[in-house]
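Trainee: I would like to go through the wording used for this model and see what backs each term.
Mentor: Good. Ask about one term at a time.

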Amino acid sequence: MNELVLTLRQPAQIGDRAREDFVLSTLEHVPGTVVRGAFAASWLARNGVSAAGTPERAEFLRLFEGGVRFGPLLRPGTEFLPLSVVTHKYQAKETCTEVEFDRAVTGEAPLRCPDCGSPLDQVKVLRGDRPPVRRRTSVSIGESGVARRGVLFTRETLEVGQEFRGSLVADDPALLAVLAGLGPVRVGGRRTTHGQAEVSIRDRGDGRPWPAVQRRDDGMLVIRLRSPGIFTDPQGRPSRAPDPAELSEVLGTSAHVVHRWTRWQQAGGWHVASGLPKPAELAVVAGSTYVISTERTVSDAVLDGLSRRGLGLRRHEGFGDLAPPPVLKPGRGAREQEERRLRALMDAVAPLRGVPIRFPEYWPPLLAAMTAHASGDPDAARRLRAVAGTSPDPAIGAALRKFLEFSPQDAAYVAGELEQR
Ligand SMILES: [Zn+2]
């Protein structure tokens, strides 16, 4: 999976629907449709509109009409929350067992928190700190190009320096190199003076897509949209949910939606070659969530394939991108569970606690190797394995081998705790 990072070098106004009150507001993220439009405009500015049958035309089609999928870009620390999540309407208390429920995972949620009585409400879809937004009011310009007397309008812009990140999926890595070479691009409105953004494309290195499809304990799958989705029923009418035929085809077994949380929105878009707007059609919003039942168990590889592919129509235009499971605010239950988990980690390496007393001269280099391993030093893992193999006490060797199985975060926690004693 590759990550696209856009960094604003000019203020940007994303989303172009003027409201009734003459405020041209900005979105706080960059939709995939806008990302694709920005790259396509940059390509056309360099290469012009190419004739059918030319290699340039073929490259354009591979980049923007099927070979690349552009996910939405979000500011670090913000995320779309699924519509299936409910949270405390009023501030949760320390004693609340749960603060938030994801009904797609837990089934029904109570209407009120059983501990404090606060109503549980649907969350705002885009969660996180709001970015700095500048508002500037000026005279409205009519269609004839003349200022309309007494009519003011306000334009919101995102400030310079904001960073936006999201996924980019390409059939062929060479296409990513072409896209990286198209930077800087311009996003949003007023492109002559606004929206210039630097482009960086990073390989996330793990070779896997974002873990987007969640498998419930009972075998049901939970799929959440990270961008608006466009679905139709077999008669071609707008639908709130993916068609069973599409699900069954991509999952390789009979599949259908058993629960859904969705909301409609209008989806526009631009025909990138001509620069003309596309007719608006109905889409479901980012955050729409589906619980899906399958006839047979679906393999991890097939779920990875679905995460890469997305769902619904116009996917290469930025629709139908899938989101990983949400990070919910932990309640007392989750905090206590995490404390128990961390205690179990310390118990698993308990024999190491005796090393500073029994073998004081070996302790500082051993602790240093554990800390280095936690921060990703591959040579440290080799040294720890060597110590584990030659340790005079087999229990110490076993504890070190357990330590090597921990995630980097857990290894850092355990090394830190051992250092403090
Ligand atoms: Zn509560």
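Helix pairs and a zinc site

Mentor: Helix H1 (residues 32-47) and helix H2 (residues 55-64) have axes that come within 11 Å and cross at roughly 170°. Bear in mind that this is a predicted model.

Trainee: Why are H1 and H2 called roughly antiparallel?

Mentor: Angles over 145 degrees count as roughly antiparallel. The crossing angle is roughly 170°, so H1 and H2 are roughly antiparallel to each other. Arg36, Phe39, Ala40, Trp43 and Leu44 in H1 meet Glu56, Glu59, Phe60, Leu63 and Phe64 in H2. The residues of this contact divide into 7 nonpolar, no polar and 3 charged.

Trainee: What makes the arrangement around the zinc ion tetrahedral?

Mentor: The protein donors are His88 (NE2), Cys96 (SG), Cys113 (SG) and Cys116 (SG), at 2.1 to 2.4 Å from the zinc ion. Four donors count as tetrahedral if all angles lie between 85 and 135 degrees. The 4 donor atoms here subtend angles of 100 to 117°, so the arrangement is tetrahedral.

Trainee: Which parts does the pair Cys96 and Cys113 tie together?

Mentor: Cys96 lies in the loop between strand E5 (85-88) and strand E6 (100-102), and Cys113 in the loop between helix H3 (103-106) and strand E7 (120-122), so the pair ties together parts 17 residues apart in sequence. Both Cys96 and Cys113 are buried.

Methods. Residues are numbered from 1 along each chain as its sequence is written. This is a predicted model: local features need pLDDT of at least 70, side-chain atom pairs count only at pLDDT 80 or more; totals for chains, interfaces and linings use all residues. Side-chain values use heavy atoms; hydrogens and water are left out. Donors are N, O and S atoms within 2.8 Å of the metal (3.2 Å for Na, K and Ca); water is not among the atoms, so sites may look incomplete. Four donors count as tetrahedral if all angles lie between 85 and 135 degrees; four count as square planar and six as octahedral if opposite donors are over 155 degrees apart and all others between 65 and 115; anything else is irregular. Helices (H or I, at least four residues) and strands (E, at least two) are DSSP runs, numbered from the N terminus. Buried means under 20% relative accessible area, exposed over 50%, partly exposed in between (1.4 Å probe, protein chains only). Axes are lines fitted to C-alpha atoms, for helices over the stretch in contact, and angles run from 0 to 180 degrees between N-to-C directions. Angles under 35 degrees count as roughly parallel, over 145 as roughly antiparallel, 65 to 115 as roughly perpendicular and the rest as oblique. Contact means heavy atoms within 4.5 Å. Ala, Val, Leu, Ile, Met, Phe, Trp, Tyr, Cys and Pro count as nonpolar, Asp, Glu, Lys and Arg as charged, and the others, Gly among them, as polar.
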